[in-house]
Amino acid sequence: MSRLLDILGCKYPIIQGPIGATNSPEMVAAISEAGAFGMLAMGFTGNAEEARRLVGGVRELTDKPFGANLMTMNPVNPEILEILAESGIKTVTTSAGSPKHLYPQLHELGMKGLHVMLAFSYAIKAEDAGVDGLIVSGAESGGLRSVNPESSNMILVPLVVDHVKVPVVAAGGIADSRGYRAALALGAEGVQVGTRFLASEESPAPKEWKEAIINCADGNTMLLPLGNMMMRVIVNPKLKEQMSNPETDLAREYNLMNVPEAWGSGNFDLFPAGAGQISALINEIKPVRDIIEEMVS
Ligand SMILES: Cc1cc2nc3c(=O)[nH]c(=O)nc-3n(C[C@H](O)[C@H](O)[C@H](O)COP(=O)(O)O)c2cc1C
């Protein structure tokens, strides 16, 4: 068994990429039942009871292992970690910032943690902070990005693998068996998959979001500036028009606070649909089991 599978406790080294506050216990359970590692997105979970409800919802549907993602700056993390440990969760992922303060508690509670990082320098810092594995997320990935120039996984994954001792997971640009095998060839022990699962049958995303991914052509995502961060989004007609006007200040036009309403309803004039560059390769909404089985075939 690989070191990563030992940490995850599932059959295939495939982790469901957490998506903001978009959660469906049914989808997490379906992914775990299909042999991969289902993941609750708790980065924006504002109270411990919500965490208890989400974990309980998955537990009712599967006895297979699953995990939860925490964003490092969430003040409720200590309480959430207690609840996760009580509920038998063995593995979490941490993202968006330095994980140093979370790992002593997490280890004391008997859990393991994989930290998401976007650039090589953070990989070394995270390893020094005691993480049990790294999720290397290249520039092609969906989700929040830094304002710095970034490398794609073809460079970032082997670079990190060459310099750390902990297992490495590749996140970004993986939708099928070709991407999965490429990640393993680069030295990753597994993959984290965001956009492909977002456009699955079980995904709780509104149909407008899934369709935006299916219809996204090559080169039709961009990094939307959000102050000290960027978000990879699908370019829509409103955004295209705004980009053609050099006067437009996109960081003022779009507020992260509008994401729950926009992504919950499919109103992408309010905030564009989040997704990775891999959207160009995704042409069909499929059940998560089919996605996973094709990936490992
Ligand atoms: C819309 C969207 C929201 C995301 N939100 C989070 C999040 O809350 N926490 C996190 O660690 N990663 C987040 N990610 C990153 C994914 O979990 C995953 O690492 C990434 O999507 C991998 O790239 P891919 O989309 O090419 O598969 C998000 C990605 C997308 C597309």
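Biologist: How far are R289 and E293 separated in helix α14?
Modeller: This is a predicted model, in which local features need pLDDT of at least 70 and side-chain atom pairs count only at pLDDT 80 or more, while totals for chains, interfaces and linings use all residues. Residues are numbered from 1 along each chain as its sequence is written, and side-chain values use heavy atoms, with hydrogens and water left out. Helix α14 spans residues 288-295 (helices are DSSP runs of H or I with at least four residues, strands runs of E with at least two, numbered from the N terminus). Because R289 and E293 are 4 residues apart in this helix, their separation is about one helical turn.

Biologist: What N to O distance goes with the salt bridge of R289 and E293?
Modeller: A salt bridge requires a side-chain nitrogen of Lys or Arg within 4 Å of a carboxyl oxygen of Asp or Glu. R289 counts as partly exposed at 38% relative accessibility, and E293 is partly exposed at 41% (buried is under 20% relative accessible area, exposed over 50%, partly exposed in between, with a 1.4 Å probe and protein chains only). Their side chains meet at an N to O distance of 3.7 Å.

Biologist: How many residues apart in sequence are the parts tied together by E189 and R3?
Modeller: E189 forms a salt bridge with R3, the closest N and O atoms being 2.8 Å apart. E189 lies in the loop between α8 (177-185) and β9 (190-193), whereas R3 is in helix α1 (residues 3-8), so the parts tied together are apart in sequence by 186 residues.

Biologist: In the salt bridge of E150 and R145, is R145 buried or exposed?
Modeller: The two side chains meet at 2.9 Å, N to O. E150 is partly exposed, with a relative accessible area of 21%. For R145 the relative accessible area is 2%, which means that this residue is buried.

Biologist: Which residues does V76 touch, not counting those up to four places away in sequence?
Modeller: V76 sits in the loop between β3 (66-71) and α4 (77-86), and is buried at 12% relative accessible area. Its C-alpha atom is separated by 7.7 Å from that of T45, 31 residues apart along the chain. With contact taken as heavy atoms within 4.5 Å, V76 touches T45, G46, N47 and A48.

Biologist: Which residue in β11 stands opposite M222?
Modeller: The open sheet of 3 strands has the order β7-β11-β10, with antiparallel pairing (two strands pair if DSSP finds at least two bridges between them). Its edge strands are β7 (143-145) and β10 (221-225). β10 and β11 (residues 230-234) pair over 5 bridges. Opposite M222 stands V233.
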